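This report walks through a few features of the structure shown below. Each heading takes up one topic.

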Amino acid sequence: MCLAIPAQILEIDQAADTGTVSLGGVRRPVSLALIEDAEIGDFVLVHVGYALNKISAEEAERTLAMMREIGELAEQADVLAAAQAEIN
Amino acid sequence: MSDLAGQLEIRLDRRTGAVAIGSTRPVTASRVFAGKSPAEVVRQLPALFSLCGTAQAAACIGACEQALGQQPSAAVLARRQALIHAETIKEHLWRLLLDWPRMLDCKTESTAAINANANANANANANANANARASALALPPAASAMPSVMQAFMAFRQAQQAAGDPFSLDQQQAERGAVAAIDSRRLLDLVIDQALGTAPADWLDAVDRLASLRRWAEQTKTPAAGLVRVLVAQGLAGCGVSAVPRLPGSACQQLAWSLASAEADAFIAAPQWQQECAETGPLARVAAQPLIADLLARHGNGLLTRLAALLVDLAQSARGLETLLDTRMEDASDAIGCDAAVDVGADVGVNAGSRPGRDGRLGTGTGVGFAEAARGLLVHRVTITNGRVEHYQILAPTEWNFHPQGVVAQSLTAIVRSGAEGSELERLARLHITAVDPCVDYQLSVS
């Protein structure tokens with residue numbers, strides 16, 4: 001299950017072909033070498049430090065909403081597991 | 001949010017060879033699809049699991065179609081397989097142009113640089129590390145064509161989507177997409193220019209033994225041929241051999257039943273086949289091919305066999321893409337890997353019978369879908385009740401290959417026992433992890 005995370009480009013270093021993105025509110029360096037015409041404000045899918053391709057803001061928001069939901073489900077599962085462990 | 005992709009933590013004891021593999025991969029993320037309509041899931045799932053989104057889409061729609069009693073035409077199946085081939089080509093070229101060169105060339109780099117390289121996406125808090133990371137993200141010289149690979153793949157996929165989506169539950173749209181003329185030349189040319197040096201079918205005919213592989217590597221100027229030369233020159237052909245069996249193609253039925261069992265969650269997190277760990281991926285797919293059979297006999301499942309398996313799988317995918325688009329093969333079921341019509345088993349807690357009821361008209365049923373993704377076999381299982389997904393499960397290749405006692409764990413132990421020490425031990429461990437290829441970031445610690 002290979003999740004690539006949507007992130008927004010905050011800064012671009014043209015010479016190095018790298019940039020800084022906001023990934024869940026955390027600033028991360030990424031390579032922009034694999035995509036064309038990256039601009040500040042674009043949304044990209046990021047995997048192991050590389051921007052893979054550009055996506056629309058709508059697609060990014062839809063995917064991020066699903067990822068938030070996965071995070072919430074995982075937290076609920078942890079709470080349930082902890083409660084079960086206490087009962088046992 | 002940024003940690004949602006998960007990570008593997010691999011610890012290697014340099015004295016005993018003991019290996020511990022921990023995973024924070026979100027193996028139950030597919031629960032997010034409960035309550036949605038099958039059409040929504042088919043649309044959303046590839047966007048979520050986008051790295052191998054095409055194979056994910058194929059397994060997803062296979063499962064949904066079986067659950068709903070829909071039968072796609074041979075042309076639709078063939079087009080789906082062609083698109084999976086294109087994705088496999090993109091992924092394998094990434095390994096050959098970007099990952100393998102970095103790992104093979106890093107012999108002279110300091111351990112710090114190697115760490116910065118491999119952990120580039122792991123921790124971004126310290127400014128001091130940021131510069132090292134940025135330089136580590138620069139493409140190696142061998143990867144100068146990688147941007148073209150990504151663009152060719154994206155262009156191919158967009159052209160297909162514009163013509164019609166063969167991964168749609170809307171059968172009319174799927175049929176429209178299946179017969180659209182799509183040009184794969186750009187992607188196929190990159191396979192020749194960057195890897196094989198010749199047409200895929202000719203390469204598969206000519207390179208059928210270790211001797212012909214070495215001859216090809218000496219005579220060919222592509223980055224991939226250079227990898228074979230370097231690997232042999234460094235004496236690493238038999239590095240990391242283990243006895244872990246390969247997951248057989250006949251496993252599909254049993255896997256479907258395992259996903260229906262009460263222990264399905266534990267199985268998905270750490271799958272085994274007949275009480276043993278098993279490997280899935282390019283080597284498992286092409287083990288019977290003449291070149292790989294010869295290499296397995298001479299070097300076991302060491303690094304040269306793995307690199308050659310990547311090349312053979314790349315060549316077969318390129319040949320398959322060309323054939324499927326040119327002739328619209330009448331029957332693509334062999335290429336799909338598993339017969340989609342497996343007995344799906346009873347869903348524990350949902351249906352106590354030996355087979356769940358299915359009523360496509362009412363939108364109720366259970367289905368299992370399979371796809372051979374670049375990194376190995378993907379299995380999806382869905383239960384649909386009254387037009388809504390009740391339960392969705394995904395069994396992914398990384399859980400087989402990075403099982404705590406699986407092929408990577410055993411191969412890393414073999415590398416320690418071969419006498420490798422210090423930074424060389426760490427380099428060989430990273431090379432082997434790259435060769436088996438997790439689809440997530442990893443942290444390696446050698447102590």
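Are B:Trp203 and B:Trp216 buried or exposed? Both B:Trp203 and B:Trp216 are buried, where buried stands for under 20% relative accessible area, exposed for over 50% and partly exposed for the range in between, with a 1.4 Å probe and protein chains only.

## Basis of the model

This is a predicted model, in which local features need pLDDT of at least 70 and side-chain atom pairs count only at pLDDT 80 or more, while totals for chains, interfaces and linings use all residues. Residues are numbered from 1 along each chain as its sequence is written, chains are lettered from A and ligands numbered from 1 in the order in which they are written, and side-chain values use heavy atoms, with hydrogens and water left out.

## Aromatic pairs

Rings of Phe, Tyr and Trp (its six-membered ring) are paired if their centres lie within 6.5 Å; planes under 30 degrees apart are called stacked, over 60 edge-to-face, and the rest tilted. By this rule there are four aromatic pairs over all chains. In one of them, the ring centres of A:Tyr50 and B:Trp94 are 5.4 Å apart and the planes stand at 80 degrees, so the pair is edge-to-face. This pair crosses between chains: A:Tyr50 is in strand β5 (residues 50–55) of chain A, and B:Trp94 is in helix α3 (residues 74–105) of chain B. Helices (H or I, at least four residues) and strands (E, at least two) are DSSP runs, numbered from the N terminus. A:Tyr50 and B:Trp94 are both buried.

B:Trp203 and B:Trp216 also form an edge-to-face pair, with 5.7 Å from centre to centre and 80 degrees between the planes. B:Trp203 belongs to helix α9 (residues 200–206) of chain B and B:Trp216 to helix α10 (residues 210–219) of chain B, so the pair ties together parts that are 13 residues apart in sequence.

## Positive phi in two loops

A:Asp37 is not a glycine, yet has a positive phi of about 55 degrees. The residue lies in the loop between β3 (26–31) and β4 (43–47) of chain A. A:Asp37 counts as exposed because its relative accessibility is 61%.

B:Asn386, again not a glycine, has a positive phi of about 50 degrees. Its place is the loop between β4 (376–385) and β5 (388–395) of chain B. With a relative accessible area of 60%, B:Asn386 is exposed.

## The largest pocket

A pocket is an open set of points on a 1 Å grid over the protein atoms alone, where a 1.4 Å probe fits, with protein on both sides within 12 Å along at least five of seven lines; lining residues have an atom within 4 Å of a point. The largest pocket is lined by 35 residues, and A:Glu59, B:Arg43, B:Pro46, B:Ala47 and B:Gln161 lie nearest its centre. The largest share of this lining, seven residues, comes from α6(B).

## Strand β1 of chain B

Strand β1 (residues 7–12) of chain B has a covered face with B:Leu8, B:Ile10 and B:Leu12, and an uncovered face with B:Gln7, B:Glu9 and B:Arg11. Two strands pair if DSSP finds at least two bridges between them. β1(B) pairs in the parallel sense with strand β6 (residues 441–446) of chain B over six bridges, and B:Gln7 stands opposite B:Asp441 in β6(B).

β1(B) also pairs in the antiparallel sense with strand β2 (residues 19–23) of chain B, over five bridges. Here B:Leu12 stands opposite B:Val19 in β2(B). The hairpin of β1(B) and β2(B) has six residues between the strands, and B:Gly17 in this hairpin takes a positive phi near 80 degrees.
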